Amino acid sequence: MRFGLFGTGYWAAETHAAAIEAHPRARLAGVWGRNPAKAEELATRHGVPAFTDVDALIDACDAVAVALPPDVQADIAVRAATAGRHLLLDKPLALDLADADRVVDAAQASGVASVVFFTQRFHPNVTGFLASTAAAGGWQHARATMFASIFQPGNPYGDSTWRRERGALWDIGPHALSLILPVLGRVTRVAAMDGPSGLVHLLLTHDGGATSSLSLTLDAPSEAVTRDFVFFGENGTETVPPGDGSALQAFGAALDQLLEEVDAGTRDHRCDVRFGREVVAVLDAAQTAHAQGRTVEM
């Protein structure tokens with residue numbers, strides 16, 4: 001399958017492009033980026049053409065892989081889906097619910113396959129854990145703590161404008177929700193509060209009455225960087241394990257699963273654009289809850 005790569009940053013180069021090149025059933029068709037010089041550099045590294053026009057690259061491929069800011073991604077995804085190209089997108093799907101809806105509508109209208117790359121959801125040990133934990137049932141609460149520190153010198157994500165503007169809620173919030181929603185189900189109420197160092201705290205109510213609390217930051221002290229996900233319920237506690245592979249391996253699994261969707265003609269992947277839209281809906285509600293100081297019903 002010919003993949004058009006949209007994006008030229010660290011994530012696009014070291015994860016998307018590298019995984020596509022290594023996959024036995026995928027081929028990089030070309031690169032487009034907002035910086036033509038960077039697009040030319042990345043394309044040359046992989047021996048493919050650099051494109052200066054979005055639609056020209058869409059025409060030259062069977063599927064798109066997008067590693068761009070979410071608002072830019074949403075527009076490209078709509079154009080690609082409308083042209084009948086399959087979608088391998090990054091999280092979050094978009095930066096507002098209206099754009100997320102546009103992507104879902106375009107994908108469903110054209111019948112293309114879609115996968116949104118929530119990294120942890122493509123590690124086999126995490127996938128297995130979530131399936132068994134959801135099947136066990138009886139969960140009353142989940143606690144998620146994600147303290148990252150991306151603004152240190154040399155961090156490849158520290159200069160990302162959209163991350164600085166939108167913060168941890170929109171950058172690592174999707175990762176947290178991708179692990180909680182499969183076990184506790186759809187969110188029905190959202191409250192939010194901020195704290196020091198860019199901290200945002202969410203309190204969620206889920207279908208059936210279970211709750212979850214999320215504490216997120218991109219600007220934690222280096223000594224406080226941590227990741228912790230725990231479910232509490234009738235049978236005790238369960239802690240989500242860290243993924244047992246690299247991001248590159250996880251993206252290879254995402255490629256496998258997109259190709260399986262295409263081969264089988266199915267459109268029910270657990271991390272498709274509809275799930276991506278569900279995550280955006282929670283983030284959008286959390287942003288409103290924070291801005292207006294109230295609980296938002298969903």
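Before sorting any lining by class, I note the terms: Ala, Val, Leu, Ile, Met, Phe, Trp, Tyr, Cys and Pro count as nonpolar, Asp, Glu, Lys and Arg as charged, and the others, Gly among them, as polar. I also keep in mind that this is a predicted model.

**Entry 1: the second largest pocket**

I looked up the volume of the second largest pocket and got about 260 Å³. It has 19 lining residues, and I find Arg 166, Gly 167, Ala 168, Leu 169 and Gly 198 closest to the centre. Which elements give two or more residues to this lining? They are α7 and α10. I see that α7 gives the most, with seven residues. Sorted by class, the lining of the second largest pocket comes out as eight nonpolar, six polar and five charged residues.

**Entry 2: α7 against α10**

Next I checked how these two helices pack. Helix α7 covers residues 161-171 and helix α10 covers residues 273-292; I read an angle of about 120° and axes 10 Å apart. The two helices are therefore oblique to each other. I note a right-handed crossing for α7 and α10.

Which residues of α7 meet α10? I list Arg 166, Leu 169 and Trp 170 on the α7 side. Their partners in α10 are Val 280, Leu 283, Asp 284, Ala 286 and Gln 287. By class, I get five nonpolar, one polar and two charged residues in this contact.

**Entry 3: the largest pocket**

I then went to the largest pocket, which holds about 1200 Å³ of space. Its lining has 41 residues, with Trp 11, Pro 156, Tyr 157, Arg 163 and Asp 171 closest to the centre. I find at least two lining residues from each of α1 (10-22), β7 (139-147), α7 and β11 (226-233). The largest share is from α7, with four residues. My class tally for the largest pocket reads 20 nonpolar, 13 polar and eight charged residues.

**Entry 4: α1 against α9**

Last, I looked at α1 and helix α9 (residues 247-264), whose axes come within 9 Å and cross at roughly 50°. They are therefore oblique to each other, and I note the crossing as right-handed.

From α1 I list Trp 11, Glu 14, Thr 15, His 16, Ala 18, Ala 19 and Ile 20, which meet Ala 247, Leu 248, Phe 251, Gly 252 and Leu 255 in α9. By class, this contact has eight nonpolar, three polar and one charged residues. Trp 11 turns up in this contact, and I also have Trp 11 among the residues closest to the centre of the largest pocket.

Conventions:
Residues numbered from 1 in each chain as written. Predicted model: local features only at pLDDT ≥ 70, side-chain atom pairs only at ≥ 80, totals over all residues. Heavy atoms only, no water. Axes fitted to C-alpha atoms, helices over the stretch in contact; angles between N-to-C directions. Parallel < 35°, antiparallel > 145°, perpendicular 65-115°, else oblique. Left-handed = near helix turned anticlockwise from the far one by under 90°. Contact = heavy atoms within 4.5 Å. 1 Å grid on protein atoms, 1.4 Å probe; cavity = no way out; pocket = protein on both sides within 12 Å on 5 of 7 lines; lining within 4 Å. Points joined across faces, edges and corners; volume = space filled by probe spheres on them.
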